Amino acid sequence: MAAGVSGEGLRPDTLAVRGGLMRSGFDETAEAIFLTSGFVYDSAEQAEAAFKDEIDKFIYSRYGNPTVAMFEERLRLLEGAEACFATASGMSAVFVALSALLGRGDRVVASRGLFGSCFVILDEILPRWGVETVFVDGPDLDQWKDALSEPTAAVFFETPSNPMQELVDMRAVSDLAHAAGAQVVVDNVFGTPVFSRPLEHGADVVVYSATKHIDGQGRALGGAVLGRAEFIDGPVKNLMRHTGPAMSPFNAWVLVKGLETMSLRVNRQAESALTLARALAAHPRVRRVVYPWLESHPQHELARAQMSGGGTVVTFEIDGGKDEAFAVMNALRIVDISNNLGDAKSMVTHPATTTHRRLSPEARAAVGITDGTIRISIGLEDPADLVEDVTAALG
């Protein structure tokens with residue numbers, strides 16, 4: 001394999017197309033797909049050296065694969081991280097990152113406003129293994145200060161949060177976390193690699209569901225953990241090798257191609273999201289709209305300070321409860337009902353009965369999710385059509 005251009009001095013949109021490119025002896029233009037489970041050796045001695053990490057050689061696709069390596073390197077360059085390890089899904093990325101940091105007797109402080117499965121990992125799974133989890137309200141720095149006043153191993157949060165778009169002050173919380181001895185893990189799915197760069201605001205680890213904006217076209221699952229080489233090549237690599245949530249080479253190829261157009265897609269989606277958010281804010285049936293780029297967002301100034309765009313998701317609450325929310329969703333003509341987000345197709349979901357169903361009513365209320373809450377992920381359709389579709393469904 002011949003390596004392509006280095007990332008030095010190149011801007012993000014160039015890295016998204018050229019970063020990590022490796023070509024085989026056939027000099028192909030598109031990245032090659034290496035659909036192989038394993039690799040062969042010139043000698044038994046070479047196999048031994050490979051397993052001892054004395055030479056740089058692919059061993060088994062659960063450990064590493066050329067196509068997966070291209071995806072990892074391209075995303076690493078875009079994120080500005082020292083290292084990246086790709087995973088089978090976004091949730092495997094979250095679980096591996098936290099498991100690589102935490103053990104029996106450790107303490108983790110997390111924002112309460114989390115995606116449902118992330119909340120389950122922190123509230124149910126890790127505590128079974130002797131990890132203490134403390135939840136705080138993400139926007140409340142006083143709660144972070146109080147929770148981080150004693151030694152802590154890890155901090156975890158989303159910013160903006162799913163689905164209520166709460167922001168965490170990344171720099172302030174990272175400074176508090178480091179003073180407590182904690183490593184900061186940020187789920188940057190809503191922020192996207194285009195609009196938010198947590199490592200530049202003090203975070204230590206960034207995780208992604210590559211299924212969302214990185215693919216962005218509903219084709220493949222994937223995830224990634226990014227951070228310092230010592231962490232990624234140490235405990236993360238060890239967990240990945242021996243527990244097996246590896247990314248498929250084919251999915252890696254799809255995601256490599258997704259990165260090439262991600263900036264174009266995400267910027268267009270954010271423009272449309274702001275258009276729809278403003279239209280919803282003016283609708284008489286809508287109680288509130290939460291979108292970071294709206295001036296009415298309670299953390300609008302923080303969003304402007306640590307993001308370069310408002311994201312692709314709009315969350316709003318209507319008068320009434322579940323039945324009224326379902327009626328609006330069922331009346332949509334263009335927007336699909338689906339729990340995914342970041343797709344080229346606009347999608348709508350009812351968090352209380354889907355993505356956050358596992359949370360108790362009290363836990364949902366604590367983060368502002370009501371039975372009238374609806375989340376729309378904005379796609380690439382004409383924004384005027386989306387506004388017409390949603391306003392017609394509202395009646």
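In what order do the 5 strands of the open sheet stand? The order is β10-β11-β14-β13-β12, with mixed pairing. The model is predicted: local features need pLDDT of at least 70, side-chain atom pairs count only at pLDDT 80 or more, and totals for chains, interfaces and linings use all residues. Residues are numbered from 1 along each chain as its sequence is written, and side-chain values use heavy atoms, with hydrogens and water left out.

**Sheet**

- Strands (E, at least two residues) and helices (H or I, at least four) are DSSP runs numbered from the N terminus, and two strands pair if DSSP finds at least two bridges between them.
- β10 (286-290) and β12 (336-337) are the edge strands; each has a single partner strand, so one side of each lacks a neighbour in the sheet.
- β10 pairs with β11 (residues 313-318) in the antiparallel sense over 4 bridges.
- V290 stands opposite T315 in β11.

**Largest pocket**

- A pocket is an open set of points on a 1 Å grid over the protein atoms alone, where a 1.4 Å probe fits, with protein on both sides within 12 Å along at least five of seven lines; lining residues have an atom within 4 Å of a point.
- The volume, the space filled by probe spheres set on the points, is about 830 Å³ for the largest pocket.
- Its lining has 32 residues, of which D56, F58, A69, E72 and D233 are the closest to the centre.
- α3 (66-79), β3 (83-87) and α10 (229-243) each give two or more residues to this lining.

**Second largest pocket**

- The second largest pocket holds about 450 Å³ of space.
- Among its 24 lining residues, M91, F115, N162, S209 and K212 are the closest to its centre.
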